[in-house]
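Here are a few notes to read alongside the model. Keep the 3D view open and find each piece as we get to it.

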Amino acid sequence: MQQLCRAAARELSAAGAGVSLLAQNGDASVLAASGPDIETVEQLQFTLGEGPCLDASALGRPVLTPDLSVAARARWPGYAPAVRGHGIDAVFAFPLQLGGARLGAMDVYRDRTGSLSTRDLHQGLAFAEAAMSTLLDAQAAADKEHPAFGRALDGQFEVYRAQGMVQAQLGVSLQEAMARLRAHAYAQDRPLHEVAADVVARRLVLEPDS
Amino acid sequence: MIAADRLAHIFVEVADTLTDDFDLIEFLQGLTARSSDLLGISAAGLLLADHNGRLQLMAASDERTQMLELFQLQAHEGPCHECFSTGSAIVAADLANAQDRWPRWAPQAVHNGFRAVHAFPMRLRSEVIGALNLFSTDPGTIDPADARVVQALADIATIALIQERAIRQGEILTEQLQGALNARITIEQAKGALAHIHHCSMDEAYELLRVFAREAGRPISDVALDVTVRPGSLPELTSPSATDAD
């Protein structure tokens, strides 16, 4: 995950990037950062209880702030000056989410004001997707290929419906439900969308202990 | 033929949305619903390209599962896909004869009762951002004058979206597009959960969600989020009831 942060910083011409996890109950922690300075900056949001990462995760969409000195004063009266004190002038937060499954956010920091170019925006979203994929597969080796997940992000609604069904059936979180669906697909060597179709058609019921 | 007063009403509505509190989801849903109402057309769907250049269904005039699937399939083959990649309007007057053109999609559309389609590009000069897709259960084509009006509506939508991008350097639009996409996913997840709890179909699950949201005066995506993440907060929705099928 630290490598992901470093790659993101490099690709987006940024001073750094960090990933934080945000739990439903409000617990927050910095998971990884491109460097120790950035880890400190990433932590600021939790110390102060405000910031783009928290907003992005709560709102379920990216929070892009190309100039911290302007809009941010009203939005984050404590956080904005604090982070600018570390030489950061722009922050772009991409939530790590899949519908209701919200795990946290990836923050990209720049030491100059200015919007992300279209290409950089796309890159940022791609890195966030990669981070989300990695988190959903916490048990799997980081370098394993997961083409099934790519299909999920293709917007095949059936996968999300199956995810909801498993969530309700097993009483687990949405992320746990997705992890189980993917694990089943991987173990059975079947595409995720096929497994999802079976779950939705009630031909397949995932057992609590499987 | 489109009635002039209906048309005037719609243009005023669309213009109203180009204000400070512009809500993208509401705007796209409104446009899609208006387009299908306008012509008495059976259904309309609006697809926009995401950051990967792939078409994503953003709004539909009809939330039935089969409709959503039909629109979705177009991400890889179909009139919307062709419309998006060529930047031109795509018309098929009789889908029963369109198997050569769209071997997987056309039979699926006919199977679902649709016989004609007209896809309007959402495009500004050389940039195509998506497509507005109208279906009809009867074969035939849209009157050229009416088609020009729908294209004008699609053009207004395109201008509104691209303006956001230009004015705010893309931040607001990206935030809203991603938010809308994620809201869509949240709704599908909630449908799955409710379908399981109440032993019902996805369409019935959506109805439960829609009715509850309307009565509570809350956005559907907010209620959907509670269904899967805070089910205890909505026992009326998330507890099985005596009237559930079994």
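**Notes on a helix, a contact and a sheet**

1. Let's start with one helix in chain B. The buried residues of H8(B) are Met202(B), Ala205(B), Tyr206(B), Leu208(B) and Leu209(B). Going around the helix axis, they take up an arc of only 155 degrees, which means they sit on the same side of H8(B). Bear in mind that this is a predicted model.

2. Why might residues a few places apart line up like that? An α-helix has 3.6 residues a turn, so residues three or four places apart point the same way.

3. What covers the buried residues of H8(B)? From chain B, the cover includes helix H3 (65–73), helix H7 (171–198), helix H9 (220–229) and helix H10 (235–238). H8 of chain A is part of the cover too.

4. That brings us to where the chains meet: 30 residues of chain A are in contact with 31 residues of chain B. On the chain A side, the elements giving two or more residues are strand E3 (63–65), strand E4 (90–98), helix H6 (118–136) and helix H8 (157–170). H8(A) gives the largest share, 10 residues. Sorted by class, this side of chain A has 14 nonpolar, 13 polar and three charged residues.

5. Now for the sheet in chain A. Five strands make an open, antiparallel sheet in the order E2-E1-E5-E4-E3. Strand E2 (28–33) and E3 of chain A are at the edges with a single partner strand each, so each has one side without a neighbour in the sheet. From one strand to the next, the twist averages 20 degrees.

6. For a closer look, pick strand E1 (residues 16–22) and strand E5 (residues 101–110) of chain A, an antiparallel pair with six bridges. Ala17(A) has Val108(A) in E5(A) as its bridge partner. Helix H1 (residues 2–11) of chain A packs on this sheet and touches E1, E2 and E5 of chain A. The direction of H1 makes about 135 degrees with that of E1(A).

Note on methods: Residues are numbered from 1 along each chain as its sequence is written. Chains are lettered from A and ligands numbered from 1 in the order in which they are written. This is a predicted model: local features need pLDDT of at least 70, side-chain atom pairs count only at pLDDT 80 or more; totals for chains, interfaces and linings use all residues. Two residues are in contact if their C-beta atoms, placed from the backbone, lie within 7 Å. Helices (H or I, at least four residues) and strands (E, at least two) are DSSP runs, numbered from the N terminus. Ala, Val, Leu, Ile, Met, Phe, Trp, Tyr, Cys and Pro count as nonpolar, Asp, Glu, Lys and Arg as charged, and the others, Gly among them, as polar. A residue is buried if 20 or more other C-beta atoms lie within 10 Å of its own, exposed if 12 or fewer, and partly exposed in between; C-beta atoms are placed from the backbone. The arc is that of the directions from the helix axis to the C-beta atoms. Two strands pair if DSSP finds at least two bridges between them. Axes are lines fitted to C-alpha atoms, for helices over the stretch in contact, and angles run from 0 to 180 degrees between N-to-C directions.
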